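Q: I am new to this structure and would like a close look at one part of it. Could you walk me through a single residue and its surroundings, and then a sheet with its helices?

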Amino acid sequence: MTHISALDYAQRLIACESVTPATGGVFDVLEDMLAPLGFTVERFISGENDDNPAHGAPVENLFAIRESGGRHFAFAGHVDVVPSGDGWASNPFVPEIKGDFLHGRGAVDMKGSIAAFVAALHDIPKDAGTISMIITGDEEGPAIHGTRALITHMQARGSIPDACLVGEPTSVNRLGDMMKIGRRGSVNMWISVAGTQGHVAYPHLADNPIPKLIAILTEIEAITLDQGTDWFQASNIEITDLNVGNKATNVIPAKAEARLSIRFNDLHNGEALVARVRERVEARGGILTAMISGEAFLTPPGAFSDAISEAVEAVVGISPEPSTTGGTSDARFLTKICPVVEFGLCNATMHKLDEAAAIADLSALTEIYRRVALKMLAA
């Protein structure tokens, strides 16, 4: 069998215009990569078309597995990408090599790491253990019908891994300087305070909702959730939007609204935080709605993170910092079924114009992934 490089695989994936929610062609390409390597590939569409954007659009998911008994090691990722935007130096969906870099939307986030793992599979013997790939087309979007649907699919077929590596771009200044052993949770909240519209010259005939909303936000802003932990920074509450929509200078408005975002560590859970804020909102006559995007999680340092550290040191000569910084990822769902660590390419250009991955990093990441997989399968 011809040994195909991560660069070749990455170019094939980038050439598929797979803006979230992704379906179709990019999954055809990935299936064509995996089937010759002995994988059983299972694809399905999750979600339905309706008029409610909160339900999310239908997306395609792929679960591929090569079973040979023993331990089960999984790799998780996504083939959907964010919109390219205007101003690229070249077509974002025509992969282009410029000097030492591969340019194209998804080169870093995260078709490059998927390509590296597939390339690594060429040098992982089939009898080393069971390997699977958990790939969604809905990570950059609402993440409603993606990895969560894949987990349900895996549970139904009895294929739960012993550990899962998520290939998000975790490196910062150079390949290998950081891995993610956890992530903070995220919850967004919307506050609405009703009043009675009226003329500003006759305030006794109206009820201004703005002072009530200001009082609510002042109370919330005064909350100190925690001082951080050994592995997490302090949780923070941020006011992200205020809206009254009053275009008249002589009218007391009928409603005032605000939006909050809380990123929280593993000292909290989403429901408790919502209840804490709701108490303050409702005490002043407001209404609160909330959406919990994910809970905080931590994979304590141990055999899994050690395997990654050893592989990184052997290949690029540095030791990755275990971190929980940054936003959320689909690791927040996978951590409910097995230990999860994230490790991948440098993230400097993800979601940016002219996204690019160093060609040398694709090669090095292939070897790192190979070593990690073999180590975890032999554990």
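A: Happy to! Let's begin with Ser-305, which touches Met-179 and Ile-181, leaving aside residues up to four places away in sequence; contact here means heavy atoms within 4.5 Å. This is a predicted model, where local features need pLDDT of at least 70, side-chain atom pairs count only at pLDDT 80 or more, and totals for chains, interfaces and linings use all residues. Residues are numbered from 1 along each chain as its sequence is written, and side-chain values use heavy atoms, with hydrogens and water left out.

Ser-305 and Ile-181 are 124 residues apart along the chain, yet their C-alpha atoms are separated by 7.5 Å. Ser-305 sits in helix H7 (residues 303-316); helices (H or I, at least four residues) and strands (E, at least two) are DSSP runs, numbered from the N terminus. With a relative accessible area of 4%, Ser-305 is buried, a word used for under 20% (1.4 Å probe, protein chains only).

Now for the sheet. Three strands form an open sheet in the order E4-E5-E19, with antiparallel pairing; two strands pair if DSSP finds at least two bridges between them. Strands E4 (96-98) and E19 (356-358) are the edges, each pairing on one side only. E4 is joined to E5 (residues 101-103) by three bridges, and Glu-96 stands opposite His-103 in E5. Helix H1 (residues 6-14) packs on the sheet, touching E4 and E5, and its direction makes about 15° with that of E5. Such angles run from 0 to 180 degrees between N-to-C directions, using lines fitted to C-alpha atoms, for helices over the stretch in contact. Helix H9 (residues 359-378) lies across E4, E5 and E19, at about 65° to E19.

Definitions and conventions
Buried < 20%, exposed > 50% of the residue type's maximum accessible area, 1.4 Å probe, protein only.
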